[in-house]
Amino acid sequence: MAQLPILVAPDPRLAKKSLPVAEVDGEIRQLMDDMLETMYAAPGIGLAAPQVGVLKRVIVLDLAGDDEAPSPFKMANPEIIWVSDDDAEYNEGCLSVPEHYADVVRPASCVVRYLDENNVQREITAEGLLSTCVQHEIDHLDGVLFIDHLTSLKRNIILRKLVKAKKAGAGGVPA
């Protein structure tokens, strides 16, 4: 496994739409493993392939706490097939938008269909933080960052701070 460099906004690659994976083969499994290692080291609870410069529809998640055994989800071609009418608001952050957080409203629960690391189609019902996290990561596959859910004023303030930090040499996440 290898840690991959994480792209930081406003990198234009983060705004591109990812392509579906034909099948989960050895190359995609390796990508999933490398993404998990990168996410754990960052540290984070979710990571999408575009965040490491790979425009493929692949995400990884792990909501296990520090005192819990890892419990990763590895998903290729995740697709939300149902969302609840109820909404939930979470204070979201992102490895590609370091040190910035904001409240984002999303459906409280959803059903996601995806291919697992063995190329088997699965469905999960996600609620609470898992629902928020999977929706956040799927947004990345469509070129959407959590700050795109904010007002343009808030989004532009955050982007200006990220550009300023990058120019000062503090905007990148170590590889």
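Author: Helices (H or I, at least four residues) and strands (E, at least two) are DSSP runs, numbered from the N terminus. This is a predicted model, in which local features need pLDDT of at least 70 and side-chain atom pairs count only at pLDDT 80 or more, while totals for chains, interfaces and linings use all residues. Residues are numbered from 1 along each chain as its sequence is written, and side-chain values use heavy atoms, with hydrogens and water left out.

Reader: How many helices and strands does the protein have?

Author: There are 3 helices and 7 strands. In sequence order the pattern is α-β-β-β-β-β-β-β-α-α.

Reader: What share of the residues is buried?

Author: 43% of the 175 residues. Buried means under 20% relative accessible area, exposed over 50%, and partly exposed in between (1.4 Å probe, protein chains only).

Reader: And contacts, what percentage join residues at least 24 apart?

Author: 64%, among contacts between residues at least 6 apart in sequence. A contact means heavy atoms within 4.5 Å.

Reader: Switching to charges. How many salt bridges turn up in the whole structure?

Author: The search finds 9. The criterion is a side-chain nitrogen of Lys or Arg within 4 Å of a carboxyl oxygen of Asp or Glu.

Reader: Which residue does Glu92 pair with?

Author: Glu92 forms a salt bridge with Arg106, with 2.7 Å between the closest N and O atoms. Glu92 lies in strand β4 (residues 87-94) and Arg106 in strand β5 (residues 97-107), so the pair ties together parts that are 14 residues apart in sequence. Both Glu92 and Arg106 are buried.

Reader: Asp116 next. Buried or exposed?

Author: Asp116 is buried, at 4% relative accessibility. Its salt bridge partner is Arg122, the closest N and O atoms being 2.8 Å apart. Arg122 is partly exposed at 41%.

Reader: What about Arg13, which residue does its side chain meet?

Author: Asp11, in a salt bridge of 2.7 Å, N to O. Arg13 is partly exposed, with a relative accessible area of 39%, and Asp11 is buried at 15%.

Reader: Which residues are linked in a network?

Author: Lys17, Arg57 and Asp142 are linked by salt bridges in a network.
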